[in-house]
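The report below looks at core packing and then at the ligand site.

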Amino acid sequence: MTTPFLPPRIVAPSILASDYGKFGNEAADAEAQGGDWLHLDVMDGHFVENISFGPGVVKALRPHTNLFFDVHLMITRPDHYWEAFAKAGANGITVHVESHHDVQMTLKKIREAGLKTGLALNPSTPFEEVQPFLTDIDLLLVMTVVPGFGGQSFMRETLPKIEAGVTERNRQGLRYHIEVDGGIDAHTAADATRAGANALVAGTTIFKAADRAAAIRSLRDA
Ligand code: DX5
Ligand code: ZN
């Protein structure tokens with residue numbers, strides 16, 4: 001039995017909750033306040049009921065920070081658009097298993113382009129849906145809210161999927177991060193990390209905090 005992969009704690013501020021009027025400064029602040037990755041929520045108004053931003057914004061944010069760009073594509077056709085985000089400066093691209101594309105082919109192409117690959121599943125999607133792709137990913141994103149908007153409440157019924165992600169990672173000797181996104185604060189982060197998540201996406205908790213560095217520390221220590 002190989003020793004289980006225990007990835008480090010990662011705190012990923014989600015720029016979706018920041019002040020869009022000063023996006024560049026907010027991206028720089030996420031780094032200055034102690035974030036590890038910058039989580040960029042891309043929404044197309046079709047896969048989710050909201051529209052956020054495209055590759056042009058990612059490109060504009062790139063020079064403002066050295067943080068790893070963890071791009072979360074909540075879009076219907078990630079197979080068609082992933083490359084534009086790669087060219088814009090993404091370091092990791094996460095696609096949804098529910099969207100209409102050849103998941104394995106999309107993940108393969110992202111990896112061949114030299115980026116990290118991620119696969120996300122919504123709260124209502126059973127873990128079995130991502131099972132066939134676990135060897136193709138560097139990150140499994142277990143959505144802890146219905147995607148589309150920040151500021152929602154953590155859905156505890158997603159915890160067993162985090163545990164399933166750990167079990168399968170150990171059983172197959174794989175090495176993917178397990179990331180959670182939505183409603184993450186110090187309390188829900190404790191539940192999610194106890195279940196096995198190591199990468200914590202937080203928008204509201206961090207960007208709306210009076211002391212962002214303290215908010216990030218509270219997640220790192222949860
Ligand atoms: C999907 C988005 C949000 C965002 C985090 O809706 O991915 O979950 O990143 O939102 P908060 O941390 O504000 O719940
Ligand atoms: Zn996200």
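Leucine 40 touches Ile15, Phe53, Val58, Leu61, Phe69, Asp70, Val71 and His72, where contact means heavy atoms within 4.5 Å and residues up to four places away in sequence are not counted. A second, separate core of 10 residues includes Ile10, Ala12, Trp37 and Val201; a nonpolar core is a set of buried Ala, Val, Leu, Ile, Met, Phe, Trp, Tyr and Cys residues joined through side-chain atoms within 4.5 Å, buried being under 20% relative accessible area with a 1.4 Å probe and protein chains only. The largest nonpolar core has 56 residues, of which Leu40, Val71, Leu73, Ile93, Leu140 and Ile162 touch the most other members.

## Basis of the model

This is a predicted model, in which local features need pLDDT of at least 70 and side-chain atom pairs pLDDT 80 or more, while totals for chains, interfaces and linings use all residues. Side-chain values use heavy atoms, without hydrogens and water, residues are numbered from 1 along each chain as its sequence is written, and chains are lettered from A and ligands numbered from 1 in the order in which they are written.

## Ligand site

Around ligand 1 there are 19 residues (a heavy atom within 4 Å), and Asp41, Asp181, Gly183, Gly203 and Thr204 come nearest. In polar contacts (pairs of N or O atoms within 3.5 Å), an oxygen atom of ligand 1 is 2.5 Å from a side-chain N or O atom of threonine 204, and an oxygen atom of the ligand lies 3.1 Å from a polar side-chain atom of serine 14. Taken alone, ligand 1 exposes 360 Å², of which the protein buries 98% (Shrake-Rupley method, 1.4 Å probe).

Note on methods. Buried < 20%, exposed > 50% of the residue type's maximum accessible area, 1.4 Å probe, protein only. Polar contact = N/O pair within 3.5 Å; in protein donor to acceptor, adjacent residues only side chain to side chain.
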